[in-house]
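Here are my notes on the model, point by point. Have the coordinates open while you read.

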There are 2 protein chains.
Amino acid sequence: MTDILSRRDLQFLLHEWLDVERLTEREEFRGQTADDWNDALLLAEQVAGDQFQPHNRKADLNEPRIGEDGKVVLIPEVAEALGVLGETGLMAAAMPEEVGGMGLPATVSGAIFAWLHAANVGTTAYPMLTAGAANLLIANGSKDQVRTWVIPMIEGRFHGTMCLSETQAGSSLADITTRAEAQEDGTYRIFGNKMWISAGSHELGENIVHLVLAKIPGSPPGVKGISLFVVPRFLLDGDGSIAERNDVVLAGVNHKMGFRGTVNTVLGFGEGEYMPGGKAGAVGYLIGDPNHGLSYMFHMMNEARIGVGLGATALGYTGYLKSLRYARERPQGRRLASKDPVDPQVPISEHTDVKRMLLAQKSYVEGALGLELYCSGLVDDEMTAPGEETRKKAGLLLEILTPIAKSWPSQWCLEANSLAIQVHGGYGYAREYDVEQHYRDNRLNPIHEGTHGIQALDLLGRKVTMQGGAAFAALFETIGATVDRAEAEGGEASELAGALHASLESLAGTTGKLWADRDPELALANATLYLEAAGHIVLAWIWLEQFLATSGKSGAFYEGKRQAARYFFRFELPKTAPQLDLLGSLDRTTLDMMDDWF
Amino acid sequence: MTDILSRRDLQFLLHEWLDVERLTEREEFRGQTADDWNDALLLAEQVAGDQFQPHNRKADLNEPRIGEDGKVVLIPEVAEALGVLGETGLMAAAMPEEVGGMGLPATVSGAIFAWLHAANVGTTAYPMLTAGAANLLIANGSKDQVRTWVIPMIEGRFHGTMCLSETQAGSSLADITTRAEAQEDGTYRIFGNKMWISAGSHELGENIVHLVLAKIPGSPPGVKGISLFVVPRFLLDGDGSIAERNDVVLAGVNHKMGFRGTVNTVLGFGEGEYMPGGKAGAVGYLIGDPNHGLSYMFHMMNEARIGVGLGATALGYTGYLKSLRYARERPQGRRLASKDPVDPQVPISEHTDVKRMLLAQKSYVEGALGLELYCSGLVDDEMTAPGEETRKKAGLLLEILTPIAKSWPSQWCLEANSLAIQVHGGYGYAREYDVEQHYRDNRLNPIHEGTHGIQALDLLGRKVTMQGGAAFAALFETIGATVDRAEAEGGEASELAGALHASLESLAGTTGKLWADRDPELALANATLYLEAAGHIVLAWIWLEQFLATSGKSGAFYEGKRQAARYFFRFELPKTAPQLDLLGSLDRTTLDMMDDWF
């Protein structure tokens, strides 16, 4: 058993809390058993430990580079690990069986990917991106496109990317300039550059399937004129075999602080280096209808954002476990009550401040893992729950929780990594130990797939107000039901419920005040604080849920869960009070700041 | 003018707030004028910009390594920059003229070093360490030791180090095992290993003067049996010229996440590679009396810790200015009120959430710079203020503020660097921009020179209780005087004063509760929260001071100062309320956590 993630905790979350067994009763998962899922998880743990973890540091120290032949050079272990993963079929764990997937619930697939992320986020990004591209095509592509591009991806022969950003257009996708010119045969020719493209060029497989946002000339300005295209690195023959090189070229490799194992590229489309069919432009195939590209992309955004949150969580989790092991093995100093220098030293895990740093990490990472798996459960419920109302409610909850599931672990599991460094002292700052890499890797997560500030606007500006507040109401009702259960249980559960209930009421009151004047500039001025306060309240709810799931159970594991819940309620939840006070005051400090005052 | 630090802000802090001119009236600074000091600052700015800044990234990308001859290889720019710095005399800005220093006030010297840190912390560490070693010898060494070792250091020929930690003893110096055996000629022979020794081996000068903590056999156990020795890399002839190699050898270099320009080493003493005088052991010269080593070292600790705080501040400051420039130059998106996609994009500095990130940075870094220069002013006052009482009070304030001056910027100017990355978006995560390096560099600061947790124990366990609470009372009285002045001014100043006064009263009340039972384990259980709450209250006081210093002044610079003060009072100071509540409840969550619950 590796110490990169906790098998015991996953069992608790999946079986003792989320009752993943209930999914076996659904038509969509007919024939699958909880034992099958446990076997898949054990397999993921084994692949993560044997294939992904061993080259995590090596990939960091030997970042991708452009070789003399102009091709991207990765360390060979990446291809080997992906080969083994491909053989297990785990990459397509949650994909439909019709296209070669395993058809497992998203909840189980989430736990599978948590193992891979915890072992090596840099290598895991390749199958994550491929799975994301495949899912997008399954949801929005034609049957022909699925057969042509998705099946080879699931077979591990083709890889995928998402090409959204451009040098001058990151958060503001309305301003992309890549253009797609319609051809008489129904295909398009793509011209432009794309920036920050992860896995944009490599030799891991036979082909790379780029999903590219571009504008068809004459389309409406802004986001309503963006279309989505399949632009493969190599064109295919009629029988699907690799044919001519398409005009997608590697324009450069970005050098990052962390996440170095994943090659990040600048790509040029239609620059004239290749002339497919003797003509200028990269050949592209329209997905769905013109001008609907961004909505197709956003359809997959929930999945991608939960994936980022899960990756951030896994990095936090593995750093926590490593700092715990270090703290137990490192003798240093004596207890405050015993300062005699001839007494033997104690492991630093016995110092209260070290226990604080470990307990904080535990509360962040086990809370975040709970949230991510809960959200994966909503994906399952939205697709498979019996009853339209239940599915609809799951969808609403997923909408409002997604910005939190993306941003909260990106902030707090990064903080967990910082604490893991701190527990290690000087050793934590040295590259001989893993935790500094986890910290650098994790710092990407508040940036990509929509920055922290973009998530805040999404939550307060879009999700809170959507359908007349229906998503907010669904969340309020769901947390309220947990509060009711806890109050019915009485004792300590009831005390925690009281604190959560008060915070939730305060959040609701603040939300009302923010939107009372329907002035978006004022309402959204401090949206980031709203995101952070709402995030902490949601995590307190997840912790109350976990606390309730330990009810009547004794032993060190359950005591630890209860203490982590107490920690979160005593040290973390109260941080929301000044945030909500500030929000409720409709503070204008940031809004009123003038540029020349800086 | 470079944009690594703000000349305008330094002028404000030194002249409009701290009234550095008052120091010209003191005997110790006779003959110096404020113009002299401004000239020294301009010179520092020039050296920082021309010599230190240009190789900051190169030093990060080409970290020190051990060459084939076993010697440490640094990029040549380091020696060139230090050569120019040596010619200016600025390294010894605050040292006495008798030993070749400039005899400037510590306040001015602090501002000089702020420029160097902002340009390049990795290279600045070399003169910082040398100055620290020289100051320790000036304070505690014999006249002969000062002549032999200090003068060549100030001339730039010798460098210095501090050798405290060992592999098995970092925070717990009581457990060092390096031993010093007395010789008949009054010298000692040193045997042992030292870990994390910055600048421990290099070819920047003729010699390296190691100040080494070691135990003389038969001394009392623990910290009461630690002595301090000069152990040079090369022994000297009677005329001070370089003679035989001493037995101090490079056992390895550590590979760090950041701060890579500063070589960090493992040193072996008396391992037998050299046999000075034909005998085993590294030759060492006792400083002062046996068994007083740690108190000599701690005497210099205030200086070293303020130096760390200043370095952290400078990194935060330079990151802030770079993110501000980026935000003003980067067009992206439109204002919320104008979503028409054919409108031109605005610079991101116009987005409220970006303004929030810039204003937060401004409040952290300008507040921290104020605190560090205030503390340098206390060093001046402790040494030169007219009247014994004033000096004594300055000393007490310095004692209680030092853990905050060290830890607060290490936490919040690191957070500023994180915000600087966030403002840059994906570019901030790329090594093509500076801010990711500042963030990595700054992450060292909560670790070295006493970890964050050690500072917390120092503040609450030692400084708050010292001399029957005299230091705490001095701080309370000093902040109270600012509150009184602000209340007398009325208006907005009075409002801010009210908030600060309430927080200060709460801190005092909490402090009383914590020590009411005289149970150190309980009192200190959440010492880190105490450090953080006290730090925020002290910074709010520094901001009220700066607010008052803008009184009656108009213009963008002063408006910016006032808005940053408002930001700190509205967004930051309220964070202390839940921290003080928790502390006041004598919470036992961390104390009660059991090891097997993790």
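1. First, a term. A residue is called buried if 20 or more other C-beta atoms lie within 10 Å of its own, exposed if 12 or fewer, and partly exposed in between, with C-beta atoms placed from the backbone. Arg518(A) counts as exposed because it has 8 C-beta neighbours inside 10 Å.

2. Some housekeeping. This is a predicted model, where local features need pLDDT of at least 70 and side-chain atom pairs count only at pLDDT 80 or more, while totals for chains, interfaces and linings use all residues. Residues are numbered from 1 along each chain as its sequence is written, and chains are lettered from A and ligands numbered from 1 in the order in which they are written.

3. Back to Arg518(A). Where does Arg518(A) sit? Its place is the loop between helix 15 (491-516) and helix 16 (520-523) of chain A. Helices here are DSSP runs (H or I, at least four residues), as are strands (E, at least two), and both are numbered from the N terminus. Arg518(A) is not a glycine, yet its phi is positive, at about 50 degrees.

4. Now chain A as a whole. Chain A has 20 helices and 12 strands, and its C-alpha atoms fill a box of roughly 80 × 65 × 60 Å along the principal axes. The radius of gyration of chain A is 25 Å, which agrees with the value near 25 Å for a compact globule of 598 residues. That radius is taken over C-alpha atoms, and the globule rule is 2.2 Å times the number of residues to the power 0.38. Of the 598 residues in chain A, 60% are buried.

5. Contacts in chain A. Two residues are in contact if their C-beta atoms, placed from the backbone, lie within 7 Å. Of the contacts in chain A with a separation of 6 or more, 75% join residues 24 or more positions apart.

6. One helix pair to look at is helix 2 (residues 34-52) and helix 4 (residues 76-88) of chain A, whose axes come within 10 Å and cross at roughly 165 degrees. Axes are lines fitted to C-alpha atoms, for helices over the stretch in contact, and angles run from 0 to 180 degrees between N-to-C directions. Angles under 35 degrees count as roughly parallel, over 145 as roughly antiparallel, 65 to 115 as roughly perpendicular and the rest as oblique. Helix 2 and helix 4 of chain A are therefore roughly antiparallel. From helix 2 of chain A, Leu43(A), Val47(A), Gln51(A) and Phe52(A) meet Glu80(A), Ala81(A), Val84(A), Leu85(A) and Thr88(A) of helix 4 of chain A. By class, the residues of this contact are 6 nonpolar, 2 polar and 1 charged. For the classes, Ala, Val, Leu, Ile, Met, Phe, Trp, Tyr, Cys and Pro are nonpolar, Asp, Glu, Lys and Arg are charged, and the others, Gly among them, are polar.

7. Next, helix 10 (residues 352-384) and helix 11 (residues 388-424) of chain A pack at about 155 degrees, with their axes 8 Å apart. Helix 10 and helix 11 of chain A are therefore roughly antiparallel. Their contact has 24 nonpolar, 4 polar and 5 charged residues.

8. Over in chain B, the axes of helix 10 (residues 352-384) and helix 17 of chain B come within 9 Å and cross at roughly 90 degrees. That makes helix 10 of chain B roughly perpendicular to helix 17 of chain B. Gly367(B), Gly370(B), Leu371(B) and Tyr374(B) of helix 10 of chain B make the contact with Val538(B), Leu539(B), Ile542(B), Trp543(B) and Gln546(B) of helix 17 of chain B. The residues involved divide into 6 nonpolar, 3 polar and no charged.

9. Please check the end of helix 19 of chain B too. Thr576(B), Pro578(B), Gln579(B), Leu580(B) and Leu583(B) in helix 19 of chain B are buried. Their cover includes helix 19 (576-584) of chain A, along with helix 15 (491-516) and helix 17 (527-549) of chain B. Just after helix 19 of chain B, Leu586(B) takes a positive phi of about 50 degrees. Leu586(B) is partly exposed, with 17 other C-beta atoms within 10 Å.

10. Finally, the interface. How many residues of chain B are in contact with chain A? There are 76, in contact with 76 residues of chain A. Helix 18 (residues 556-572) of chain B gives the most to the chain B side, with 8 residues. By class, that side has 34 nonpolar, 22 polar and 20 charged residues.
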